[in-house]
Amino acid sequence: MRTMISAVALITLFSGASAASAEDSHKCGDAAESQWISKDAIKAKFAVDGTEVRQVKVEDGCYEVYAVTKDGKKTEQVVNPVTGEVVGSEDDEG
């Protein structure tokens, strides 16, 4: 019985992780990279608010922008590569 419960828990855990990954890529769509805004344009968009972009990389069909805000906080923003819209973030709380 314990083995069955463990197996069900593992299956649930892994299916949840797959759904989260699919959800992130859904936020960014599935447009061809030829339709994407350039990384330089993304950097310029963030610079308007005084945010210094340290790195822009592609992850699951989205841009991930690693930056430091004008008040010195590290931030990671998930950006739609076609529209430039921020669709998620993981900000540094401290």
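## About the model

The structure is a predicted model, in which local features need pLDDT of at least 70 and side-chain atom pairs count only at pLDDT 80 or more, while totals for chains, interfaces and linings use all residues. Residues are numbered from 1 along each chain as its sequence is written, and side-chain values use heavy atoms, with hydrogens and water left out.

## The overall fold

The protein has two helices and four strands, and from the N terminus on they run α-α-β-β-β-β. Helices here are DSSP runs of H or I with at least four residues, strands are runs of E with at least two, and both are numbered from the N terminus.

Of the 94 residues, 23% count as buried. Buried means under 20% relative accessible area, exposed means over 50%, and partly exposed lies in between (1.4 Å probe, protein chains only). The protein exposes about 6,600 Å², and carbon and sulfur atoms supply 54% of that area; accessible areas come from the Shrake-Rupley method with a 1.4 Å probe, and for residues only the protein chains shown count as cover.

Contacts, meaning heavy atoms within 4.5 Å, also tell us about the fold. Among those with a separation of 6 or more, 29% are between residues 24 or more positions apart.

## The nonpolar core

The largest nonpolar core has nine residues: Trp36, Ile42, Phe46, Val53, Val56, Tyr63, Val65, Ala67 and Val79. The elements giving two or more residues to this core are α2, β1 (52-59) and β2 (62-68), and β2 supplies the largest share, with three residues. Such a core is a set of buried Ala, Val, Leu, Ile, Met, Phe, Trp, Tyr and Cys residues joined through side-chain atoms within 4.5 Å.

Leaving aside its neighbours within four places in sequence, Val65 is in contact with Ile42, Phe46, Val53, Gln55, Val56, Thr75, Glu76, Gln77 and Val79.

## An aromatic pair

A search of the whole structure finds one aromatic pair. Trp36 and Tyr63 form this edge-to-face pair, with 5.4 Å from centre to centre and 75° between the planes. The pair links distant parts of the chain, 27 residues apart: Trp36 sits in the loop between α1 and α2, and Tyr63 in strand β2. Trp36 counts as buried at 15% relative accessibility, and Tyr63 is buried as well, at 4%.

For such pairs, rings of Phe, Tyr and Trp (its six-membered ring) must have centres within 6.5 Å; planes under 30 degrees apart count as stacked, over 60 as edge-to-face and the rest as tilted.

## The disulfide

The whole structure holds one disulfide, a term for a pair of cysteine sulfur atoms within 2.5 Å. Cys28 and Cys62 form it, with their sulfur atoms 1.9 Å apart. Cys28 lies in helix α1 and Cys62 in strand β2, so the pair ties together parts that are 34 residues apart in sequence. The link is right-handed, with 110° about the S-S bond. Cys28 is buried at 4% relative accessible area, and Cys62 is buried at 1%.

## Two polar spots

Ser38 is found in the loop between α1 (2-28) and α2 (39-47) and is partly exposed, at 41% relative accessible area. A polar atom of the Ser38 side chain lies 3.0 Å from the backbone nitrogen of Ala41.

Gln77, in strand β3 (residues 74-79), counts as buried at 11% relative accessibility. The side chains of Gln77 and Thr75 are joined by a polar contact of 2.6 Å. A polar contact is a pair of N or O atoms within 3.5 Å; within protein, one must be able to donate a hydrogen and the other to accept it, and residues adjacent in sequence count only if both atoms are side-chain atoms.
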